[in-house]
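These notes are for a first reading of the model. Please keep the sequence and the 3D view open while going through the points.

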Amino acid sequence: MSSQNCDVVIVGAGFAGLYLLHRLRGLGYSTRVFEAGGDVGGTWYWNRYPGARCDVESMQYSYSFSEELQQEWNWGERFSAQPEILEYAGHVADRFDLRRSIEFETAVTAAHFLEATNRWQVTTNKGETVSAQFCVMATGCISAAQTPEFDGLSDFKGATYHTGNWPHEGVDFTGKRIGVIGTGSSGIQAIPVLAEEAAHVTVFQRTPNYSLPARNGPMTEEYARSWKDNYAALREQQRQTPKGAIGEFNDISGLETSAEERDTAYESGWVKGGATLLGSYKDMLLDNAVNETAAEFVRDKIRTIVHDADVAEMLAAKGYPIGTKRICIDSGYFETFNRDNVDLVDINQTPIERITATGLATSETTFDFDAIVFATGFDAMTGTLFKIDIQGRNGAALRDKWRDGPRTYLGLMTESFPNLFMITGPGSPSVLTNMMVSIEQHVDWITECLLHMRDNQLEIMEPVLQAQDDWVEHVNVVAHGTLFPQAASWYMGANIPGKPRIFMPYVGGAGAYRNICDDVVADGYRGFDFQPNPSQVAAAE
Ligand code: N01
């Protein structure tokens, strides 16, 4: 067992925790890494539902920090499925010998900043307490799976599953009648696969979602080569894009084009697959009129794909702009509703009244199920942090400080919680970007910051309240300059009853945000307050 004192506690061994561990170990910091799961991989460890797949291309959804790693790893598909991404995480852990420093099946339950010592006291569910100078939350943005409190839930005699916490041994649905609640990215990926296997699937939809075809396929040698031969330049380019991913992006306004030109552009995006269509015009997420042309294009596609006109209309998203809830990327989702063994229920028309012993009752019908799958999402961005009892100065709890919504400076730190860092925290681009790019940027920034403190005998740092207030204001202003706040999305906390409606991620773009963070450092860590290590100051006097 390693020592109870260390320089840095890292909470989580997903892609953020793994890379941070690798960097800090190389610089001689002592660490303790706690991971609630039984292995590395974070979100890809838990989200094992059938059909789980990344909707960022594999060549881009991977680490860039090691040239050897990015050259030696071979992806099998254009968009990788969960098992392959988990295998990649495992490969990284082995290749850099990281597992020996990670304590698995160990959840952090509390982290308290002790002002007497200027250290974090971190407690685990195994009853251990560790003292650390720094605590880094590498806990992920969408890790706290959310099952709504339906009446009668405990009465159900069949099996229940949540997509975000799927059994590791898999589930055999052959011959089973399943109810699926939720049609976000997870539901939209799982439903086509479940329908292939189960006797019958009934989908309960609250809000129809815009979804674009992935056009997934095997990775070709030629395509992989085109990346590997140019990785250095392409990674640099990736970092400067708004989404942290290179894709087609037309720098023209949709207002300057004719209806025919727009349809040609949308058709091209639809055929190429992934989120390409959303990059058709620079004002897609800024102008309602432009956005509506793309939204209607997608609705028309659904009307063409789905044979039953009533079902097609139920599936066609309306009432909010396309792209303002996280765009879904699917493989045969709308086609699935042409199957004889799949039904769609609009729960706005016929609300779910209760779960029963044998299934579920809406205001109109009772359904019998062998299993219910909750694809009902997550308490995003703050939920995982709030599960831990985090206390800063004066014993103030993070949950209380953020009661009206998260407040951070740059999404990296929050005032009154010295030496506590968040990787891809609220107020940073995080979930609006390719997470790999945002994770690497935050890990590099935090690592450089720790080195700065070590080199300058600084003991603690925290954001200045005014800098934090200004950043929160900026995040808000930028969000409200876009169409994003028009949707009741999890970005806004709208999926959790009682959660404050604040647009949580920073919509200014990964590249622009990176430049702001670099500028803050170049300007002497503008907006951060540092305090020296008293013993080293005394020794110097
Ligand atoms: O969750 P969601 P998710 N009664 O919140 C419905 C990432 N991800 O797990 O829209 C009935 O999007 C809810 O309805 P509504 C990605 O960032 C990535 O699907 O709130 N229904 C919605 O339909 C994604 O955005 C990949 O009205 C209820 C659904 O459940 C994020 O994870 C793959 C309900 C939840 O959708 C979350 O996606 C999968 C209730 N009480 C996920 N409560 C990649 O490809 C909720 N719903 C990388």
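1. Some terms come first. Ala, Val, Leu, Ile, Met, Phe, Trp, Tyr, Cys and Pro count as nonpolar, Asp, Glu, Lys and Arg as charged, and the others, Gly among them, as polar. With that scheme, the shell around the ligand divides into ten nonpolar, nine polar and five charged residues. Bear in mind throughout that this is a predicted model.

2. Which residues come nearest to the ligand? Of the 24 residues around the ligand, these are R53, S186, R206, T207 and W490. Helix α5, residues 185–197, gives the largest share of the shell, with three residues.

3. An N or O atom in the side chain of T207 is 2.4 Å from an oxygen atom of the ligand. For S186, a polar side-chain atom lies 2.6 Å from an oxygen atom of the ligand. For K325, the distance from a side-chain N or O atom to a ligand oxygen atom is 3.0 Å. Taken alone, the ligand exposes 910 Å², and the protein buries 89% of that.

4. The second largest pocket has a volume of about 300 Å³. It is lined by 19 residues, of which P406, R407, V472, N476 and I502 are the closest to its centre. By class, this lining has nine nonpolar, five polar and five charged residues.

5. Rolling a probe the size of a water molecule over the atoms shows where empty space is left. How many cavities of 30 Å³ or more does a search of the whole structure find? The search finds five.

6. The largest cavity holds about 60 Å³ of space. Its lining includes M137, T139, G140 and C141, and also M422, I423, T424, G425 and P426. M381 and L385 line this cavity as well. Seven of the lining residues are nonpolar and four are polar, with no charged residue.

7. The second largest cavity has a volume of about 50 Å³. Among the residues that line it are M59, S62, Y63, W73, W75 and Y88. Helices α3 and α7 (231–240) each supply at least two residues of the lining. The classes here are seven nonpolar, two polar and one charged.

8. S62, one of the residues lining that second largest cavity, lies in the loop between α2 (43–46) and α3 (67–72). Is S62 buried or exposed? S62 counts as buried because its relative accessible area is 5%, and the cut-off for buried is under 20%. A polar atom of the S62 side chain lies 3.4 Å from the backbone oxygen of S58. The backbone oxygen of M59 lies 3.4 Å from a polar atom of the S62 side chain.

9. N419, which is not glycine, has a positive phi, near 60 degrees. N419 sits in the loop between α13 (398–401) and β18 (420–422). With a relative accessible area of 0%, N419 is buried.

10. Q457 is the other residue to check. Although Q457 is not a glycine, its phi is positive, at about 50 degrees. Q457 lies in the loop between α14 (435–455) and β19 (458–463). Its relative accessible area is 39%, so Q457 is partly exposed.

Definitions and conventions
Residues numbered from 1 in each chain as written. Predicted model: local features only at pLDDT ≥ 70, side-chain atom pairs only at ≥ 80, totals over all residues. Heavy atoms only, no water. 1 Å grid on protein atoms, 1.4 Å probe; cavity = no way out; pocket = protein on both sides within 12 Å on 5 of 7 lines; lining within 4 Å. Points joined across faces, edges and corners; volume = space filled by probe spheres on them. Near = heavy atom within 4 Å. Polar contact = N/O pair within 3.5 Å; in protein donor to acceptor, adjacent residues only side chain to side chain. Areas by Shrake-Rupley, 256 points an atom, 1.4 Å probe, with all protein chains shown as cover. Helix = DSSP H or I, 4+ residues; strand = E, 2+ residues; numbered from the N terminus. Buried < 20%, exposed > 50% of the residue type's maximum accessible area, 1.4 Å probe, protein only.
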